[in-house]
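Okay, thanks everyone, let's get going.

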Amino acid sequence: MKIIHEIEKCIGCGSCVAVCPANWEIGDDSKAHLLGAKKGSVDGSEELETEQIGCSQDAADICPVQCIKIKK
Ligand code: SF4
């Protein structure tokens, strides 16, 4: 499975961090970042291959601009 975060769309609201602090943090750029992620294949994105989506599913569900995608 892959978690993709479209950073450019992120408004830095912090909801993902609130529901999933184990996997998400707000960076110096005031945008959320997925811990352990690498630069994504699309400009302005980051992604992480994982077998454990965990609370990042909640982060994807709560994100108001739907910039967290999970591909299974
Ligand atoms: S919930 Fe979405 S918009 Fe808000 S900080 Fe997280 S990724 Fe960014």
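Predicted model: local features only at pLDDT ≥ 70, side-chain atom pairs only at ≥ 80, totals over all residues.

Residues are numbered from 1 along each chain as its sequence is written, and side-chain values use heavy atoms, with hydrogens and water left out.

So, Glu46. You'll find Glu46 in strand E5, residues 45-49; strands here are DSSP runs of at least two residues (E), helices are runs of at least four (H or I), and both are numbered from the N terminus. Glu46 is buried but has no salt bridge. Buried means under 20% relative accessible area, exposed is over 50%, and partly exposed is in between, with a 1.4 Å probe and protein chains only. A salt bridge would take a side-chain nitrogen of Lys or Arg within 4 Å of a carboxyl oxygen of Asp or Glu, and the nearest side chain of opposite charge, Lys39, is 10 Å away.

What does the Glu46 side chain have a polar contact with? That's the side chain of His33, at 3.4 Å. A polar contact is a pair of N or O atoms within 3.5 Å; within protein, one must be able to donate a hydrogen and the other to accept it, and residues adjacent in sequence count only if both atoms are side-chain atoms.

On to the cysteines. There's 1 disulfide in the structure, a disulfide being a pair of cysteine sulfur atoms within 2.5 Å. Cys20 and Cys55 are the partners, S to S 2.0 Å, and the link is right-handed, with 65° about the S-S bond. The two sit in distant parts of the chain, 35 residues apart: Cys20 in the loop between helix H1 and strand E2, Cys55 in the loop between E5 and helix H2. Cys20 is buried at 0% relative accessible area, whereas Cys55 is partly exposed at 22%. Cys67 is in no disulfide; the nearest cysteine sulfur, from Cys63, is 3.7 Å away.

Ser30 isn't a glycine, yet has a positive phi of about 65°; Ser30 lies in the loop between E2 and strand E3. Gln66, also not a glycine, has a positive phi of about 50° and lies in the loop between H2 and strand E6. Gln66 is exposed, at 56%.

Conventions: Lys, Arg positive; Asp, Glu negative; His and termini not counted.
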